[in-house]
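Subject: A structure for you to look through

Dear colleague,

I am passing on the structure we spoke about, and below it I have written up what was found, going part by part. Please keep it open beside you while you read.

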Amino acid sequence: EGATQNDIATQLGISRVMVVRLLADARRRNEVRITIAAPLTDLLLLEREVETRFAINRVIVAPFADADADPVKVIAAAAGNFISGAMRDGMTVGVGWGRTLSNTLPFILGATLDDFRVVSLLGGIAAARRFNPAEFAWQFAELFQGEGFLIPAPAVVDSPETKYALLERCGLSAIFEMADKLDMALLSCGGISTLTTSYRTGYLSEADRRSLIEAGAIGDVLYNFINQDRSE
């Protein structure tokens, strides 16, 4: 209601210091959010430059002052704000996984959407504790009261033969057909120079990581490794 901290303290019969503490606690619980809506000219120019250079329809830059700190929360907040405004009735949305996407969940304003479907684009990761493709897909679907569709198979298997057997004999083809007709896909691109989520799971050894770097890989999207030209 536009009240100052002093006004709130008077109404509640507490000190202004207590109001400050309560607001800080509320921000930590993500119950109170403070945003700045003023246009940032330099950021807008940078967004347009990246859009033009790489032929991307929309680029959102998330500014972060400390180059040595972890930027995940800042990226997650920007992504969560975008996602909140992009979801609509009747959509089928494919989702990836990882620490960055999981951190978007507190920043997404959920809603009750009709005929809303969420498809996980990766199989299960048994070794990942906090970050798991199935867990993220279900939580995301719950935010919009939608239906979730998972891939009931491991994300990484021991051979191409095992992969094709799972696709052909275990009923996964229907989910893959849904994934071919998405209205939107929410993915994060993991780096390879640091221990991102893909490597914390234990599916890729340090020797594999070094071999991929030597081959020119700079990151991965759902275990599809890419070089600087974005080709696999």
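How many bridges join β2 to strand β3, and in which sense do the two run? Before the answer, please bear in mind that this is a predicted model. Three bridges join β2 to β3 (residues 147-149), and the two strands run parallel; one place to look is Val 118, whose bridge partner in β3 is Gly 148.

**The strands around β2**

Strand β2 also pairs with β1, again in the parallel sense, and here the pairing extends over four bridges. If you follow it residue by residue, you will find Val 95 standing opposite Ser 120 in β2. Together with helix α5 (residues 99-104), β1 and β2 make a β-α-β unit, and this unit is right-handed. As background, the strands of a sheet pair through backbone hydrogen bonds, and they may do so in either a parallel or an antiparallel way.

**The antiparallel sheet**

Elsewhere there is an open sheet of three strands, in the order β5-β6-β7, and its pairing is antiparallel. Because β5 (190-191) and β7 (224-226) stand at the edges with a single partner strand each, one side of each is left without a neighbour in the sheet. Strand β6 (residues 219-221) is joined to β7 by three bridges, and Gly 219 has Ile 226 as its bridge partner in β7.

In soluble globular proteins, nonpolar side chains tend to be buried together. Here the largest nonpolar core has 18 residues, and those with the most contacts inside it include Met 87, Val 93, Phe 116 and Phe 140. Three elements, α4 (72-86), β1 (92-95) and α6 (133-143), each supply at least two residues of this core, and α6 gives the most, with four residues. Apart from this core lies another, of 16 residues, among them Leu 122, Ile 125, Ile 151 and Ala 217.

**The salt bridges**

Side chains of opposite charge can pair when their charged atoms come close. A search of the whole structure finds nine salt bridges, and I describe a few of them here.

- Asp 25 and Arg 28 meet through their side chains at 2.1 Å, N to O, and both lie in helix α2 (residues 16-28), three residues apart, which is about one turn of the helix. Asp 25 counts as partly exposed because its relative accessibility is 27%, whereas Arg 28, at 63%, counts as exposed.
- Arg 29 and Glu 31 meet in a salt bridge at 3.1 Å, N to O, and both of these residues are exposed.
- Glu 51 and Arg 48 meet at 2.8 Å, N to O, and because they are three residues apart in helix α3 (residues 41-54), about one helical turn separates them. Glu 51 is buried, with a relative accessible area of 12%, while Arg 48 is partly exposed, at 36%. These two residues and Glu 47 are linked in a network of salt bridges.

With best wishes

How values were computed. Residues are numbered from 1 along each chain as its sequence is written. This is a predicted model: local features need pLDDT of at least 70, side-chain atom pairs count only at pLDDT 80 or more; totals for chains, interfaces and linings use all residues. Side-chain values use heavy atoms; hydrogens and water are left out. A nonpolar core is a set of buried Ala, Val, Leu, Ile, Met, Phe, Trp, Tyr and Cys residues joined through side-chain atoms within 4.5 Å. Buried means under 20% relative accessible area, exposed over 50%, partly exposed in between (1.4 Å probe, protein chains only). A salt bridge is a side-chain nitrogen of Lys or Arg within 4 Å of a carboxyl oxygen of Asp or Glu. Two strands pair if DSSP finds at least two bridges between them. A crossover is right-handed if, with the strands pointing away from the viewer, the path from the first strand over the helix to the second runs clockwise.
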